[in-house]
Amino acid sequence: MKGYEQMQNQHIEALKRIVGTEHVLTSAEELHCYSYDATPGFSHMPDVVVIPGTTEEVAKVLALANSEKIPVYTRGSGTNLSAGTIPTKGGIVLLMTRMNQIIEIDTENLVAVAQPGVIVSDLNKAVETHGLIYPPDPGTVTTATLGGTVSENAGGLRGLKYGVTKHYVMGLEVVLASGQVMNVGGKNVKDVSGYDMTKLFTGAEGTLGVITKIIVKLVPAPEAKKSMMAIFKNLDNAGNSIAAIIAAKIIPATLEIMDNPTIRTVEDYAKVGLPVDAEAVLLIEVDGIPEVVEKEAAKVLEVLTINKADEVRQAKDAAERDKIWAARRAALPALAKLRPTTFVEDATVPRNKVPDMIRAVNEIAKKYNVTIGTFGHAGDGNMHPTIVCDIRDEEEMSRVYKAMDEIFGTAIKLGGTLSGEHGIGLGKLKYMEDQFGPVAMEAMRNIKRALDPNLILNPGKLVGEC
């Protein structure tokens with residue numbers, strides 16, 4: 001970073017005065033813990049880890065960093081899968097886990113107000129006592145922080161019906177790079193005043209400001225749920241079923257897919273009764289008012305039959321429902337057990353292109369002799385081609401990276417996007433111009449320069465070097 005080489009003792013002492021000595025980490029062992037996140041292949045040591053407890057402390061830390069041109073990397077639980085929190089230029093890792101209070105649950109306006117360090121599942125447990133849910137449900141829901149999911153615009157299994165994080169963020173308190181504090185949005189259901197700054201910071205991956213308070217929309221918890229598993233020996237029939245369910249004007253809460261390599265791996269790992277000769281399995285759940293759930297489940301079954309599902313297993317009770325979803329939950333751990341390194345990729349295509357994407361991924365796996373299992377959110381086209389390998393094997397990794405290039409190139413050619421929920425970070429940065437082109441990329445960089453003129457906030461991420 002221009003003008004920055006390494007933290008000086010005077011800077012460390014100043015940070016200790018702001019947040020307290022016990023909340024400034026400097027030992028090699030402590031710094032190593034924050035040199036990486038959940039993305040394989042990326043790491044860099046920070047100079048210091050600072051753990052603020054208030055918005056005022058965040059503001060003072062940023063004011064110091066901005067004046068001294070010290071890079072700052074905001075971090076929650078570090079579960080992101082795009083190398084979004086790697087401190088590539090050293091400097092400060094700003095760890096937000098102390099700011100972990102649910103400030104308010106407003107049942108009249110159906111909103112919650114919380115700090116960024118709140119764990120998403122803890123928020124849901126708190127609102128469930130009021131008969132409400134916060135729908136975004138990333139796979140790391142029990143460890144991911146609310147601030148991290150807002151910064152990454154995280155999704156999850158319920159994204160088809162309920163949307164992703166940005167659909168629930170109503171307002172934010174944000175500290176700008178200068179240390180100034182601003183509030184955007186609020187509790188109003190309708191608000192069309194000015195630029196939509198709330199959406200701008202949601203999904204910005206910490207490149208534009210540090211989020212210190214979040215207002216999120218809540219919705220009533222569904223009264224009933226019904227789950228089923230549809231088995232297909234023909235991938236195209238599975239793809240046709242996905243489109244036909246939506247065309248029948250049914251929006252399931254969850255509509256997931258697993259391809260044959262994933263099915264075989266999961267069955268070997270978890271022994272949940274999956275047919276290893278199937279080309280695809282769809283996992284479907286409808287929810288809502290009991291009468292509507294029964295009607296929609298019957299219609300889904302009809303659609304699956306018309307589109308030549310070879311078998312449909314309907315859950316008759318909670319135990320059978322749990323068994324169906326155990327198969328989906330086992331996909332990642334089953335694949336990860338195969339090899340030392342796991343790349344969980346994230347590319348989204350139009351839902352009618354899901355079979356084309358899965359077929360292309362399988363062909364790419366054969367072409368480069370790498371192991372890839374594909375599963376994901378079929379209803380919204382968000383696929384997770386998961387590559388298992390050994391990062392210590394340079395020759396294998398050269399093939400893995402070529403496979404990744406083709407996977408993302410294919411997604412873009414199919415009219416898709418680089419990410420449906422994992423973000424860009426460093427992992428997908430080199431593909432951004434392929435999707436957006438130079439004019440849009442420069443527009444995004446101009447926004448970055450306007451809000452962070454010294455380029456201290458998560459530099460080099462999302463839009464690259466400015």
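Which hand, left-handed or right-handed, does the crossing of α8 and α10 have? In this predicted model, where residues are numbered from 1 along each chain as its sequence is written, local features need pLDDT of at least 70 and side-chain atom pairs count only at pLDDT 80 or more, while totals for chains, interfaces and linings use all residues. Side-chain values use heavy atoms, with hydrogens and water left out.

The crossing of α8 and α10 is right-handed, a term used where the near helix is turned clockwise from the far one by less than a right angle. Helices (H or I, at least four residues) and strands (E, at least two) are DSSP runs numbered from the N terminus. The axes of helix α8, residues 235–247, and helix α10, residues 290–306, come within 9 Å and cross at roughly 145 degrees; these axes are lines fitted to C-alpha atoms over the stretch in contact, and the angles run from 0 to 180 degrees between N-to-C directions. At this crossing, S241, A244 and I245 of α8 meet V300, V303 and L304 of α10, contact being defined as heavy atoms within 4.5 Å. The residues of this contact comprise five nonpolar, one polar and no charged, where Ala, Val, Leu, Ile, Met, Phe, Trp, Tyr, Cys and Pro count as nonpolar, Asp, Glu, Lys and Arg as charged, and the others, Gly among them, as polar.

Strand β14, residues 280–288, is largely enclosed by the rest of the structure, because nine of its nine residues are buried, that is, under 20% relative accessible area with a 1.4 Å probe and protein chains only. In a regular strand the side chains alternate between the two faces of the sheet. Both faces of β14 are covered, with A280, L282, I284, V286 and G288 buried on one side and V281, L283, E285 and D287 buried on the other. Strand β12, residues 224–232, pairs with β14 in the antiparallel sense over nine bridges, and S227 has E285 as its bridge partner in β14; strands are taken to pair if DSSP finds at least two bridges between them. Strand β13, residues 254–259, also pairs with β14 in the antiparallel sense, over six bridges, and here the bridge partner of E256 is L283.

T262 lies in helix α9, residues 260–270, and counts as buried at 0% relative accessibility. Leaving aside neighbours within four places in sequence, T262 is in contact with A331, L335, G373, T374 and F375, and its side chain reaches the backbone nitrogen of T374 at 3.0 Å.

How values were computed: Buried < 20%, exposed > 50% of the residue type's maximum accessible area, 1.4 Å probe, protein only. Polar contact = N/O pair within 3.5 Å; in protein donor to acceptor, adjacent residues only side chain to side chain.
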